[in-house]
Number of protein chains: 2
Amino acid sequence: MFTGRYTHKLDAKGRLALPSKMREAGIGLQYSQFVVSKGIDGCIAVFPVDKFEKFIDEFDPSELEMEQGLNFYREFASWAHYLPVDNQGRINIPQTLLDIASIDSDVLILGVVDWIEIWNPDEYEKHLKDSKVNYNKGAKTFFSAAIRGKRKKYEIPPKRSDLEDS
Amino acid sequence: MFTGRYTHKLDAKGRLALPSKMREAGIGLQYSQFVVSKGIDGCIAVFPVDKFEKFIDEFDPSELEMEQGLNFYREFASWAHYLPVDNQGRINIPQTLLDIASIDSDVLILGVVDWIEIWNPDEYEKHLKDSKVNYNKGAKTFFSAAIRGKRKKYEIPPKRSDLEDS
DNA sequence: ATTAAATTCCCCACTTTTCCCCACTCATCC
DNA sequence: GGATGAGTGGGGAAAAGTGGGGAATTTAAT
């Protein structure tokens, strides 16, 4: 599971060091390489190889009948590149992908559970503003769902025999 | 279950000692690390690992298709960091999280049952004022519910075996 | 086919941060 | 009043992030 937020830099050779926590996140999987492709809202998405192939496998072909489905599939697959990780834990992202994400040097790396997102920090800020995301509102819904989960657990009543004397 | 209110300090290295009662609160769980993320109303939220992962697991993926859903998910997951607890019971909160909570040195720690909240004391005061929290009103609802709950105790409950897996 | 230019990738090195350990102070509890 | 445990402080080893040299491979051109 990928979490966390990091600010890293592309070096002069265009290499990007993935946060070590994210490299560790896939112990036992094929993490000697990652797959990058075009992400959502203008970022670059990074997947572990097994997750990427699972996503592809599970994509519903019937959606291809819709024009949107095919266009998406074509774009997503063709932007995807398998990238080896060097001994320092770095990947070399194709320049064309960096361009569509407006990335030059500073990079914001987001862990989003099943995948990783790579943003130009300014573009991400702009996206947050433009989309008028209301974090508090989402958090209240999310957290209160967690509380409901707890209530269920605690509703298990005491044994009948325990009530006799109370 | 987390309860209690404490005032602690960040040391020069940005480390925060969690109240020992809160560390003890999770005996038997994986409390060698906690997960911190962005909380509600400007605080930092701290979760035991198992609770955090339960929150994530229970998130409804269909919400990702809604713009707000994805934006919240992205924010919540990417602000989340797994933090090891050192031998003194301290965690090292990332500076970026401290920044969004306006925390420099003094810290207010609140136990909120399923999670812990970390506040800048002044910001919490301000939040209470701004949000015009009416404690008494909430308390009356809460207390009267507790009384009804106590009455329920005298009703014959369903068999435990019917409820275990719910 | 041979050479030159460019790219990839492996290794070494430096700087900063993280994390593990030891130590001190203060409050609480026998 | 000593002992225990909690909160705070700081040093040093280890790891992470960053930068750069140079061999090997590829691409293009002569």
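In this predicted model, K51(B) is partly exposed, at 25% relative accessibility. Its salt-bridge partner is D114(B), with the closest N and O atoms 3.3 Å apart. K51(B) belongs to helix α2 (residues 49-57) of chain B and D114(B) to the loop between β7 (106-112) and β8 (115-119) of chain B, so the pair ties together parts that are 63 residues apart in sequence. D114(B) is buried, at 4% relative accessibility. Salt bridges with shared partners also join D11(A), R15(A), D86(A) and R90(A) into one network.

Over all chains, 20 salt bridges were found. One of them is formed by E75(B) and R5(A), whose closest N and O atoms are 2.9 Å apart. Because E75(B) lies in helix α3 (residues 67-79) of chain B and R5(A) in strand β1 of chain A, this pair joins two chains. E75(B) is buried, with a relative accessible area of 3%, and R5(A) is likewise buried, at 12%. A salt bridge also links R74(B) and D41(A), at 3.1 Å from N to O. This pair crosses from helix α3 of chain B to the loop between β3 (33-38) and β4 (44-48) of chain A. R74(B) is buried, at 0% relative accessibility, whereas D41(A) is partly exposed, at 38%.

DNA strand D is surrounded by 24 residues, the closest being K13(A), R23(A), K13(B), R15(B) and R90(B). By class, the surface near DNA strand D comprises 14 charged, six polar and four nonpolar residues.

Note on methods
Residues are numbered from 1 along each chain as its sequence is written. Chains are lettered from A and ligands numbered from 1 in the order in which they are written. This is a predicted model: local features need pLDDT of at least 70, side-chain atom pairs count only at pLDDT 80 or more; totals for chains, interfaces and linings use all residues. Side-chain values use heavy atoms; hydrogens and water are left out. A residue is near a molecule or strand if one of its heavy atoms lies within 4 Å of it. Ala, Val, Leu, Ile, Met, Phe, Trp, Tyr, Cys and Pro count as nonpolar, Asp, Glu, Lys and Arg as charged, and the others, Gly among them, as polar. A salt bridge is a side-chain nitrogen of Lys or Arg within 4 Å of a carboxyl oxygen of Asp or Glu. Helices (H or I, at least four residues) and strands (E, at least two) are DSSP runs, numbered from the N terminus. Buried means under 20% relative accessible area, exposed over 50%, partly exposed in between (1.4 Å probe, protein chains only).
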